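Here are a few notes to read alongside the model.

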Amino acid sequence: MEIKPKIKSIPYEEFKDNATLEKLIDDLHEGGVNVVTGSLDQLINWGRSNSLWSLTFATSCCGIEFMACGCSRYDFARFGFEVTRNSPRQADLIMCAGTITHKMAPALKRLYDEMAEPKYVIAVGGCAISGGPFKSSYHVVKGIEEIVPVDVFIPGCPPRPEAIMYGMMQLQRKVKIEKFFGGANHKQSEAERELGVSNEELVARRLGDHRREPIVVTDVPQEFVEQMKKEKEENA
Amino acid sequence: MKLEHLVFDFDKFASEMQNLKDKKHFDYLVTIVGEDFGAEEGLGCVYILENTDSHERCSVKMLAKVVDGESVIPTVTNIWHVADLLEREVYDFFGILFLGHPDMRRLFLRNDFKGHPFRKDWKFNDDYVLEDDKEPDYGMEYWLDKDGHLCSKQNKLFTDDDYVINIGPQHPSTHGVLRLQTVVDGETVKRVYPHLGYIHRGIEKMCESYTYPQSLALTDRLNYLSAMMHRHALVGVIEEGMGVELTDRIKYIRTIMDELQRLDSHLLYVGCCAQDMGALTAFLYSMRDREHVLNCMEETTGGRLIQNYYRIGGLQDDIDPNFVENVKALVKYLKPMIQEYVDVFGDNIITHNRFEKVGPMDLENCISYAVTGPAGRASGWKNDVRKNHPYDMYDKVEWDQIIMTGCDTMDRYTCHIQEMYQSLRIIEQLIDNIPAGDFYVKQKPIIKVPEGQWYFSVEGASGEFGVYLDSRGDKSPYRLKMRPMGLSLTGALDPMLRGQKIADLVATGAAIDFVIPDIDR
């Protein structure tokens, strides 16, 4: 079963960097594809790729171009990208639009960790890719790939809305070839995959157990506790 | 303006500064520039002051005194409120302690940052960690005792009963990565502590190792909505230092471009104001029209958001052949449109209820907190740099400075709307008369600015944007300091919001018009 991600109106050959995509397909489908799950995958991925919800994460200039994408002229609602979420729990991808500084880096990492799998990252603009014009600064992360895994890079300073939409389409193609059923999630790091635990768990193990303790409300009035006990006994 | 510094004694500094304000009416502290003057003089500050009646400016140079191994300067926070954040900035970058400042904490950098990066002997280091920053819940206060020794104590930021809400750094209504630690009592705001630096890129420090033409590229990325104006200020200060005479054509085009940029910024402001209040329609309307403005600029400059158009001695290139025609069409199109935004959003009863009497600040406080731009003019402060210190064509065209008296969020919004009409008026007067001439006055291949200190400011979209340049005759600046438009606005959020409801924080923040990369630099 041949897998070739299709985007309406743009032929496959006109996209750049097809080699990377094909390599990814080969990696994912090394053991052959089951026809049943393969077809189901295609259906699920069709739905997923056409409703990519991004987290509003704009730190500087590129964010304005991202806004322009969502507005009247460019209107990326046509592709199903128009829903932006303010909570990482509800988002499919981080559109990292802008410079990430040393003070912001922990926040980016945390937002990424808070997102539910499957999740994607797009690095928009020179700063997010490599530090861009601020490469020689003492307070700028030289590319967000040092912190989180990146799926698509969109170069530019800032990239034009057309470029942002092209990048989003590349991500769509990537989503379309994924194995949703039974496929290993390629987002997990080596350590995470080996241990079979999440990133939060790894952090907790490194920092000590106190991070994992459940939140217990300690200042419950004694009367209330006794009243509850009494009610429980009566009910029993 | 070439700066001729006044110099005061260390002991008399506080009283002399008070005198400058009380007797000579220098009631607007434009900025405090921290500087490492070199091995001989050590660290110090340059204070730039303005008399708000006569618009005369002066500068005071104060060298820090070394006490017990620390550099100290008496504070001026009790004279000008804006000094609060400005002095914290200097402390952060240079490690100068301000005696009597109640809250000496770092402003931009992380608390575990080693050293003070703007000192000339600081060793470059760009390591970082992904651990959360451990923030102190107290500010330090320093003073000298009778024997001249340095004493310190901790001032608590919160009491035990305080309920603190953390807004940001990733929050949709803060327009970027601003973080506001807000103390609330029920729904009432008791105190707002701004935390900055989440997009601090160290542009000023980078400029010190760049040549002058290289440093231009960075200013566009400050407040990207005022990209032209920011570059104008930097180019202006360098040209003033070098004594470059511009042709009329350059001046005309620069003025038109600045006003187009102001339209772009104000259109986005009008849209974002509406969006923050939950009205998406008005946002789409203004973004639609903003694209037309961008088109006009793009045909000439080649950039959509960041244009990189001005350069030392003129412009990158001549205007597009269709530029005049396009701008005229734009003006014709936009004029009736502005009324439409007001109809859709500005005159809505909900908007009036959300904006009126919200985030008030009177004239006296506006000057003390240095709330420049439309926000200050909404309180009746005639602070437009285009009128007070005219540059390029602004003193040769007819236009009005918009002054309102409501002192609240509604007037700040209306002020922006009215300013769009004035921008169109300025453009209309100039567009037909662009004189022939060179668009670029040829400069030497290596640009050097003679020794001296200059300060040049322009009116950005949301306030005064100024650049201080200290040149030692080199091909790169010795110290370059930008006066951001938003820093003083952020400092003013706290007094504006005390006693207001937490929902008003969003309304006030939306209408005050700050862009965070400009504050953090």
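Helices here are DSSP runs of H or I with at least four residues, and strands are E runs of at least two, numbered from the N terminus. This is a predicted model, in which local features need pLDDT of at least 70 and side-chain atom pairs count only at pLDDT 80 or more, while totals for chains, interfaces and linings use all residues. Residues are numbered from 1 along each chain as its sequence is written, and chains are lettered from A in the order in which they are written.

1. Start with B:Thr414, which sits in helix α13 (residues 409-431) of chain B. B:Thr414 counts as partly exposed because 19 other C-beta atoms lie within 10 Å (buried takes 20 or more, exposed 12 or fewer, with C-beta atoms placed from the backbone).

2. Next, look at how α13(B) meets helix α6 (residues 248-276) of chain B: their axes come within 9 Å and cross at roughly 155°. α6(B) is therefore roughly antiparallel to α13(B) (an angle over 145 degrees, on a scale from 0 to 180 between N-to-C directions).

3. Who makes that contact (C-beta atoms within 7 Å)? Among the residues are B:Tyr252 and B:Leu263 of α6(B), and B:Tyr413 and B:Met420 of α13(B). By class, 13 are nonpolar, four polar and three charged (Ala, Val, Leu, Ile, Met, Phe, Trp, Tyr, Cys and Pro are nonpolar; Asp, Glu, Lys and Arg charged; the others polar).

4. Finally, the contact between the chains draws 34 residues from chain A and 35 residues from chain B. On the chain A side, α4(A) gives the largest share, five residues.

Note on methods: Contact = placed C-beta atoms within 7 Å. Parallel < 35°, antiparallel > 145°, perpendicular 65-115°, else oblique.
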